[in-house]
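Student: I would like to go through this structure by question and answer. May we begin with the terms?

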Amino acid sequence: MKKMICTMLCVFSASLVAQAQQTAPQGFDVERKLTSTGKIDSLVYPSKTVGVKRKALLYTPPGYSAAKKYPVLYLLHGIGGDEREWFRHGNPQVIFDNLYAEGKMEPMLVIMPNGRAMEDDRAGGNVMAPDRVAAFSTFEKDLLDDLIPFVEKQFPVIKDREHRAIFGLSMGGGQALNFGLGHIDTFAWVGGFSSAPNTKMPQELLPVPKEAKDKLKLLWISCGDQDGLLNISKRTHEYLSEHGVPHIYYLESGGHDFNVWRNDLYNVSQLLFKDKK
């Protein structure tokens, strides 16, 4: 049975209080016959950082209209994946469609980029090769200078920090925490699922805890209780607790796999962009 060790260290708003983390119900990630569904597309954007055109996946919600403006979730993959890892193993579009059908999710665009910012960014091979590992750090500049400006030029999105979220799994969880907490003026919703050792030490992640207290809408830390990388999430949680930084720490039964990450996505996606603070 999955459990939550710390529900909320501080209440962000009434909208979050009512949505305690939970084990996703059976069938939450199984395709249903729905009257309206979202759509998965690929996009290609020019990257000055890498010097080539790069790919990402885009999920648009049911009823998507260019006449409306939407918040954006940037959803990052792990060290062995690419822009299609969530799509192949996580069924995000099915999770989202089912939540929309139940009225539990705010309309948003979801961008699933390739977080390995290098010319040959394909998955496979020696994922631990120094240049391939370094490319996950390079993605910070690619994300901020190339991808986000492209998305905000090409799609009807709300262009402020309160309407940008960044989350990821494993290596992407470390990226999400590093980039999100390193750029609180860009992202108001930040979190990592089973974050990997690329995650900066807590004192480096958030040297001025008051910034997170004042500006973040949601800070999420989660991990499976059988995950060998649990110490990364635990040390971050302990630092945040010590400094009174509001966050959700969700410890659930499971290892380092998509059973955990799909459940995390189910929970997080219901919280995003609902805080009116």
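Tutor: A polar contact is a pair of N or O atoms within 3.5 Å; within protein, one must be able to donate a hydrogen and the other to accept it, and residues adjacent in sequence count only if both atoms are side-chain atoms. The model is predicted: local features need pLDDT of at least 70 and side-chain atom pairs pLDDT 80 or more, whereas totals for chains, interfaces and linings use all residues. Residues are numbered from 1 along each chain as its sequence is written, and side-chain values use heavy atoms, without hydrogens and water.

Student: Which side chain does a polar contact of 2.6 Å join to that of Asp142?

Tutor: Asp142 lies in helix H4, residues 130-154, helices being DSSP runs of H or I with at least four residues, numbered from the N terminus. Its side chain has a polar contact of 2.9 Å with that of Arg54. The polar contact of 2.6 Å is with the side chain of Tyr45.

Student: Is Asp142 buried or exposed?

Tutor: Buried means under 20% relative accessible area, exposed over 50%, and partly exposed in between, with a 1.4 Å probe and protein chains only. Because its relative accessible area is 0%, Asp142 is buried.

Student: What radius of gyration does the chain have?

Tutor: The radius is taken over C-alpha atoms, and the globule rule is 2.2 Å times the number of residues to the power 0.38. For 277 residues, a compact globule would therefore come near 19 Å; the chain agrees with this, at 17 Å.

Student: What percentage of the residues of the chain count as buried?

Tutor: The chain has 277 residues. The buried share is 56%.

Terms used:
Helices (H or I, at least four residues) and strands (E, at least two) are DSSP runs, numbered from the N terminus.
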